[in-house]
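Work through the exercises below with the model on screen. Try each task before you read its solution.

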Amino acid sequence: MRIWLYIATVIVATAFTAAGNGMMATFVPIRLDLVGSSQDAVGVVVTAYAIGMLLGCIFSGHLIRGVGHIRAFAAFAATGTIATLLMSGWVTVPLWIVLRLAGGFCTTAMFITAQSWLNEVCETDYRGRVMSMFYLGYTVSLGLGALVMSRVSAETATPFLIHAGFYAASVIPIALTRLQTPPAPERIAVRLREVYRISPVGLVGAYASGSLGMTMMGVGPMYGTAIGLSAQDIALTMAALQVGNLAIQWPLGWLSDRVDRRYVIVGAAFSVVLVSIAILVAGEATLLLLVFLFGLWGGLAESIYAVSTAHANDRTRVGDYVVVSSTVLVVWATGSTVGPMLATGAIRLFGPAGIWIFFIAVSGLFAAFVAWRLLQRAGPREAQQEPFHTVPASPQIPEWNPYWHEEDGPETAADHDRGRTST
């Protein structure tokens with residue numbers, strides 16, 4: 001019981017971070033729209049946050065290595081708090097680009113710090129339960145953050161103060177924890193060509209999922225504003241994305257444990273196309289219908305990452321997991337960066353419908369790619385498939401430690417080729 005209480009401090013700290021992330025993802029586009037910013041400007045700010053996430057994936061390990069997990073977490077939280085408070089003083093696009101980039105970096109870095117910490121100190125026999133609680137807490141908190149936004153006015157300073165409070169609150173359980181701190185990590189290894197050979201569907205699925213999920217979180221509120229939804233209604237539809245994720249991801253994961261996961265992936269991607277078309281056709285439908293469709297969309301789109309990652313794990317040899325997880329993480333963050341930029345351009349060309357045209361294109365192309373891969377290679381034997389584990393929405397960090405240790409040494413070409421079939 002004592003060790004579980006120690007572990008809970010890290011989970012609670014990350015939940016505070018997620019709640020602030022869920023709230024600000026909805027608030028920022030709404031507030032910029034209220035002050036008359038153009039859609040292009042909003043898209044740039046949203047993209048800056050995604051770029052910050054990408055940089056956090058790549059560079060946060062250096063600070064963790066230098067000062068340890070607790071000090072690094074506190075430093076990231078303090079920086080995020082300062083960035084949020086500065087945003088409340090000046091609502092200008094150039095400043096918000098810089099501050100949201102810092103926010104994306106800090107939020108992702110805090111998640112990586114906590115997640116890698118838990119993976120290092122947890123024993124094998126209960127690590128799965130710990131990580132499930134960790135991901136569940138993160139996903140629920142994202143939705144709760146959006147619901148908090150539905151109860152406050154976007155025209156006041158209250159959202160800034162709440163978000164800064166979430167950052168500050170996350171430090172309290174970390175500062176008081178008695179959980180053992182792990183050794184400092186080394187660096188992330190990113191090997192695109194190698195991981196593509198291991199699992200094309202897993203790698204491309206990470207990009208598609210990042211492009212879909214972060215675009216919806218960042219640009220989705222712009223669509224709600226364009227069709228006349230209030231700030232509170234937009235927050236409700238954003239919260240529905242996380243509810244759908246909780247409701248749909250596990251059943252699809254259960255199904256993927258029993259069939260070739262690629263059938264589930266192609267089905268989920270094609271379903272995202274259908275739901276996107278339904279929302280596009282529904283237009284300014286009733287709020288209840290929009291909330292339902294957004295929840296369905298969120299559950300299907302977020303499941304693509306979870307099942308794609310599990311498929312990549314099925315193809316990965318022991319010893320390659322860290323390289324695969326690091327590369328998948330960076331590819332997901334790249335999709336999260338590029339997606340909002342392309343979606344914003346689509347909105348500029350086609351109006352509010354542009355975001356759904358973007359989603360249809362990304363999901364449709366990915367579904368076609370997976371269908372093509374099904375024709376190219378047989379699925380893994382059932383014995384090779386690892387059990388499915390649910391994962392949270394953004395930031396989507398793989399469950400194992402994303403850092404590669406220098407002492408492991410680079411994998412040689414002969415090591416890479418030995419015992420692996422062509423993908």
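**Exercise 1.** Find the residues that form a nonpolar patch on the surface, and say which helix gives the most to the patch.

Solution. Step one: list the members. L136, V140, L144, L147, L236 and L246 form the patch, with about 450 Å² of accessible area together. Patch residues have over 30% relative accessible area and no salt bridge, and nonpolar side chains are joined within 5 Å. A salt bridge is a Lys or Arg side-chain nitrogen within 4 Å of an Asp or Glu carboxyl oxygen. Areas use the Shrake-Rupley method with a 1.4 Å probe.

Step two: assign helices (DSSP runs of H or I, at least four residues). α5 (124–149) and α9 (231–256) each supply at least two residues. α5 gives the most, with 4 residues.

This is a predicted model, with local features needing pLDDT of at least 70 and side-chain atom pairs pLDDT 80 or more, while totals for chains, interfaces and linings use all residues. Residues are numbered from 1 along each chain, and side-chain values use heavy atoms, without hydrogens or water.

**Exercise 2.** Classify L147: buried or exposed, or in between?

Solution. Step one: L147 sits in helix α5. Step two: its relative accessibility is 34%. Buried means under 20%, exposed over 50%, partly exposed in between. So L147 is partly exposed.

**Exercise 3.** State how confident the predictor is in the protein chain.

Solution. Step one: pLDDT runs from 0 to 100. The chain averages 83, and 84% of the residues score at least 70. Step two: over residues 395–423 the pLDDT is below 50. Low-pLDDT coordinates should not be read in detail.

Definitions and conventions:
Patches are made of residues with over 30% relative accessible area and no salt bridge: like charges are joined within 9 Å, nonpolar side chains (Val, Leu, Ile, Met, Phe, Trp, Tyr) within 5 Å. Buried means under 20% relative accessible area, exposed over 50%, partly exposed in between (1.4 Å probe, protein chains only). Contact means heavy atoms within 4.5 Å.
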